Amino acid sequence: MSMNKDTVTSISSKNQPLGTLTPIIIGVLWFLIIVPTYLLHHPYYSRSISQFKYWGLLGGLSILFAGAYFFFVKTNSKWRTLNGWKLYGLLLLTMNSILAWYGISNDFFQSHPLVHLGYFTGLVILLHLAVLFITVIGYAVGEMLLQPFAQQLSQASFSLVAVALGWSVIAFVLLLLGLFKLLYPIALWAPMLVLIILRYQVIGQLLHRTFLRPIAVKSLKTQGFLSLALLLIFAGVNALGAVKAFPSGFDGAGLYMNVSQLIGEYQALPEGGQAFNWSIIMSLGDLLFGSMTVAIFLSNLMGLFCVLVVFRLARLFVSSSNALLVAAIFYTAPVVTYHNYFDEKVDLGFLFVSLCTLLLLLEYLVRSRADKAETGSISPVKIGSFQLSSHLLLWIMIGWLTGFAFGIKYVALFNIIALIGLLFYQKGGRSAFAGSFLLALSLLFLLGIHQFSGLALDGNSSTLLGVLLLIPSLILLGRAFRSSYPQLIQLGTLIGAFVLAMGLNYAPWAIKHGLENRSISISALVEGKSPEPKIKIKPKFRNQQRQSNSKLSRKKREASTKAAQQTRREELQRYQGFEKGLPLFLSLPYDLTMNTNLPNQSYLDIGFLWLLLLPLLLLSIRARNLWKNLIWLAFMLFFLLLAVLSVFVKKASIISTDAYIDRQAEGFQAVFGDLLLVGMNSVIYLSKKITPLYDWLSGFNFWVSAILLLLLLVLASWLASERLKEWPGLLKKLMAFSTIYLFIWLLLGSGVPWYAFLLLATLGIIVVYYFEHPQLLFGTRYARFASGFLSLSFGLYFLLNLSLHFHDANRPDNQHLIFQKPFIQYASQKLKSEDVIALFNPASRDALKYLNQNPSEKIYRVGTFLNYHILQNDRRVVEDNQLGKFSEISAKLSDPNYFISVLRDQGFRYIIYDLNTASIDRTPEQSLTKKNNEFLNRIIDPNTVKLLVTDRIIEDPNNTIELPSGTVNGRYGLNGQVVFRGSFVLFEIL
């Protein structure tokens, strides 16, 4: 359902008499600033294009898609109707084409390619059928609960929301069974088979709609077909990369898939940790099918489920062709594709549920308004002999789904605040919206919830900020509802129902965590007590200073808190940066777009579209508002100069402009190098002129910075006020939701881009809305220019994303090898998990033999990807990735050299250490590097530890070692000329 275009045209006609080219001039200049700077900061784009080795593959796929286009659109064959199973067949052809090209060109196949392709196709179909089974079980449950809204949702939206709702119920039941250690496969298969028998008609209807119902493609425009082709290519690569024997990402192996595996291993819930709803859903792969590959599929393939929901959301605002464009903008972003085929996280599952919640709300608002206009009222929902307001039931379901999302990731707190803000906006207008927003922010700081984001604030500062926000929030809310108390009561009822439903969904987790911690504090209810071994320091090792018990206790707490804060700073703040005061937040949009905090990491790359296009929506297209545009220009240039000053002058480790140029492809350097060098150095020169102002802003406290950010938000709203008047009501609601989410993420999200996936999905709708209505961007007179401007921006965005998707920027050589060879071998021939481990690294297999020979032996682990493969790793492994525990223990010892003695005394047998531990250190003070060096000084002692296994290779002309990349002359060891850096070392404590 798209919005009425005539309404937009009639509104925009008021803007026809334009007397200035200022918006166009500013837009072009902004393009010439942002795009070259983006390319400068991302040298892997010029390299990926210059070294591209997949032209033949893309040519073949283009022929395949062109043939499909002419067959389904231009011919009159009886088979020409496109439906789900034919689209799926096209995806399988795409995947096989990619695998064939990749395997043959890189000599990966050991027998005839058709044998490998046949095995791969059979394996993939089985994996997809397993995922389909879990999906239809979710739909069968959710469809019953969602029936009251069957008339308020389109069939496609109903199906998607029903799946999310069904999974939320299944996760809730599995959680209860897991608490009582009843997650036996038979206890799951039996009720699921009964459900299939009882609901076979409903399931059959879903399968019929999904695979046999015709898909309308004749009305699609060029951008729709191109977007669909891009989606198929990216989905083909992602689905091929998702066929794995075990997780390959650090977070997947260390946490998310590890929890799913532990659930299957124990057939019960592991103790400790935060809530892990999605890991429970993913564990169905192991519990039902005995396959962690299915579980990994449920993680990676959720990107396609998100694409479907993004498409349905976009259809509320734009045509089918442009809805596909929105989906392609989201799905092809490098930061999103990373989650689709490399790291096995829960963020895509979380996003799917969150998007379904938003889809349920927005589509209900559209259809209920239409029903009310037609009948004069909205029919209540009958539940037996009771009648319930459909609006109340809606918010109960939204609350339940949000509680499910909160049990996946606590970042759902952003969803909660944004949804409640949207409800206030719907019921009370802008004043109520602003008041609820400020009230939510106030409570975050007054209740201390901000601490969970890693934001370090003393009690006085957080209380002061909370009070400063509380006062205007109450004034605004009083103004909004001063003469409408019934509406306020109704609003309170809806919020109460929302919170109660959300709390009910999360209640089992709160009970689990409370019982484990034997406490009911907020921190105790959101994270359970870990069963990992505790390290107790006996008096003979302790610092024996004579102090009172209270003073010792206080020092112990202070040391623990300091170590925890430092660890959090090293882990999280590297995404956000280490600026101080207001520049920390003002530079973040630039830092996130240009990836200046963690350079050359494609998994953080969100693309240039957002920094390019969203600021342009603050421009006025009225001739008399030239001064307003000049204010916009002044502020944007200031933000740019401030960010450039931070990156090229103020950072602890500065990368020069010349170094950025030198990393580009030679052809790019020859054509654009000098121009970029002169342009960037000029901007850096100008940025130095605001150094005194930068230093002044850096001295602001957090609460001052937060207040100023709110004032900047008010300024942005004023600049965008004319744009907002032109928007349909539903788009304003979407923007209200996105604005709150964006601001909360800016304050509390630590700059982590996947915490903002919901924004990448929803903001794409707003950008493409202007592509469908180009007269709104620069005015009716310049609609054709606006259309070309946006087309060029989208085209460049897709070109860069496509080139990068076939390029591994992190490889020192052979960057066209985008898949991990052992997983390609696993996907195309019969291999066991142990065989795949050996193909990756024979030393890892050798280390695991030691680590798993006795499940009672304790292990001290610093990093590495091996945790997933260690049996009962939650009970016998102490995790110390940022060496926070090491630092805390060392501070309590009378002699730092007692560290190994303490571990031995506590029954630890092994130390496994990541050789790249210090490589993630981005702190100005290099705190992790210092801890790492100190740790190595403590453990590398032949009198206290014995080297068992390492994959570091030292030069030795008399010996050879086979690696996946080839043969090298060397031996495994730590001392000598390093030939291969390696990744880990395993010590035995003597």
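**Note on the predicted model**

1. The protein has 44 helices and twelve strands. Both are DSSP runs, numbered from the N terminus: helices are H or I with at least four residues, strands E with at least two. This is a predicted model, in which local features need pLDDT of at least 70, side-chain atom pairs count only at pLDDT 80 or more, and totals for chains, interfaces and linings use all residues. Residues are numbered from 1 along each chain as its sequence is written, and side-chain values use heavy atoms, with hydrogens and water left out.

2. Overall size comes next. The C-alpha trace spans about 85 × 75 × 70 Å along the principal axes of the protein.

3. Of the 990 residues, 58% count as buried. Buried means under 20% relative accessible area, exposed over 50%, and partly exposed in between (1.4 Å probe, protein chains only). The protein exposes about 40,900 Å², and carbon and sulfur atoms supply 61% of that area. Accessible areas come from the Shrake-Rupley method with a 1.4 Å probe; for residues, only the protein chains shown count as cover.

4. Now the contacts (heavy atoms within 4.5 Å). Among those with a separation of 6 or more, 77% come from residues 24 or more positions apart.

5. The structure holds 66 aromatic pairs. One of them joins F823 and F840 edge-to-face, at 4.9 Å centre to centre with 70° between the planes. F823 lies in helix α38 (residues 821-828) and F840 in helix α39 (residues 833-840), so the pair ties together parts 17 residues apart in sequence. F823 is buried at 4% relative accessibility. F840 is partly exposed at 25%. Rings of Phe, Tyr and Trp (its six-membered ring) pair if their centres lie within 6.5 Å; planes under 30 degrees apart are stacked, over 60 edge-to-face, and the rest tilted.

6. One aromatic cluster is formed by Y38, Y44, Y45, F608, Y797 and F798.

7. E722 sits in helix α33 (residues 721-726). Its relative accessible area is 16%, so E722 is buried. Leaving aside residues up to four places away in sequence, E722 touches S620, I621, R622, N625 and K628.
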